[in-house]
Amino acid sequence: MRSQEKRCVVRLPDAIKLALASEPRKAVVEVALLVEIHCLVCNRSTRVPEPILLEIAQYLQGVSTDVGLLRLVCTVCRSSFPFDYARRWEKVIGIADVPLDEKVNRAWFLITGECSNSCSPVTLIAIRPFGTASTSIEAEFPFWKKRITCSANHRLVKLTIHPVCLP
Ligand SMILES: [Zn+2]
Ligand SMILES: [Zn+2]
């Protein structure tokens with residue numbers, strides 16, 4: 001369980017460091033903010049540690065994709081909905097200890113969707129429970145094809161998972 005899907009390593013440059021003034025060297029507690037993301041279609045929520053959102057944004061910046069609005073795919077209804085990355089702070093609902101417990105940690109996948117009309121491909125992000133394998137994302141694809149369209153409202157006919165290898 002712990003060893004699979006290890007390619008999504010959580011880095012924590014943005015984690016808050018709380019240093020107690022009396023013991024500046026010893027008492028550094030690292031925590032991650034938890035962001036609650038609601039699906040705009042079915043309203044179900046997922047809690048995602050902020051460092052994971054940061055990791056997604058940094059990856060997308062690296063491949064020069066616009067990170068303003070992440071297009072997430074809901075775990076429950078498998079529709080896609082936009083998430084405003086820049087306003088993620090407004091959705092903070094708590095904190096989690098670092099290193100992240102498996103219950104709050106998340107795996108994420110980058111998927112490109114193409115319609116049959118040669119529109120530009122859409123970049124989709126699936127955030128799933130830690131340990132989710134890419135084969136279970138592929139198993140969702142028939143549902144995605146029914147519910148997700150390109151920006152011109154054509155059905156997606158081809159979905160491709162991209163291996164995300166972070167340094
Ligand atoms: Zn949903
Ligand atoms: Zn299209």
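Two strands pair if DSSP finds at least two bridges between them. Helices (H or I, at least four residues) and strands (E, at least two) are themselves DSSP runs, numbered from the N terminus. The model is predicted: local features need pLDDT of at least 70, side-chain atom pairs count only at pLDDT 80 or more, and totals for chains, interfaces and linings use all residues. Residues are numbered from 1 along each chain as its sequence is written, while chains are lettered from A and ligands numbered from 1 in the order in which they are written.

**View 1. The protein holds three helices and nine strands.** Along the sequence they follow the pattern β-β-β-α-β-β-β-β-β-α-α-β. A residue is buried if 20 or more other C-beta atoms lie within 10 Å of its own, exposed if 12 or fewer, and partly exposed in between; the C-beta atoms are placed from the backbone. Of the 167 residues in the protein, 21% are buried. Two residues are in contact if their C-beta atoms, placed from the backbone, lie within 7 Å. Among contacts with a separation of 6 or more, 66% join residues 24 or more positions apart.

View 2. pLDDT is the predictor's confidence in each residue, from 0 to 100. Its mean over the protein is 85, and 81% of the residues reach 70 or more.

**View 3. Strands β4 and β5 form a hairpin.** β4 covers residues 69-73, and β5 covers residues 80-84. They pair in the antiparallel sense over five bridges. R71 stands opposite P82 in β5. Six residues lie between the strands, and in this hairpin R78 takes a positive phi near 60°. Most residues other than glycine have a negative phi.

**View 4. Strands β7 and β8 run antiparallel, joined by eight bridges.** Look for W108, which stands opposite I127 in β8. Again the strands form a hairpin with six residues between them. S118, in the turn, has a positive phi of about 60°. Is S118 buried or exposed? S118 counts as exposed because it has 9 C-beta neighbours inside 10 Å.

**View 5. A nonpolar core of 26 residues is the largest in the protein.** Such a core is a set of buried Ala, Val, Leu, Ile, Met, Phe, Trp, Tyr and Cys residues joined through C-beta atoms within 7 Å. L72, V73, W108 and A126 have the most contacts inside this core. β2 (28-38), α1, β4, β7, β8 and β9 each supply at least two of its residues. Which element gives the largest share? β7 does, with four residues. Now find V73: beyond residues up to four places away in sequence, V73 touches R78, S80, L124, I125, A126 and W144.

**View 6. Helix α1 runs over residues 50-62.** The expected span of a helix is 1.5 Å times one less than its number of residues. The 13 residues of α1 should therefore span 18 Å, and the end C-alpha atoms are 18 Å apart, which agrees. Its buried residues are E50, P51, I52, L53, E55 and I56. An α-helix has 3.6 residues a turn, so residues three or four places apart point the same way. Just after α1, S64 takes a positive phi of about 50°.

**View 7. S45 sits in strand β3 (residues 45-49).** S45 is partly exposed because 14 other C-beta atoms lie within 10 Å. Not counting residues up to four places away in sequence, S45 touches E36, I37 and H38. S45 and C74 are 29 residues apart in sequence, yet their C-alpha atoms are 8.8 Å apart.

**View 8. A cis peptide bond links V98 to P99.** Its omega is near 5°. P99 lies in the loop between β6 (92-97) and β7 (106-115). Most peptide bonds are trans.

**View 9. F141 belongs to helix α3, and N153 to the loop between α3 (141-147) and β9 (156-162).** F141 counts as partly exposed because it has 18 C-beta neighbours inside 10 Å. F141 and T160 are 19 residues apart along the chain, with C-alpha atoms separated by 9.5 Å. The phi of N153 is positive, near 70°. N153 counts as exposed because it has 9 C-beta neighbours inside 10 Å.
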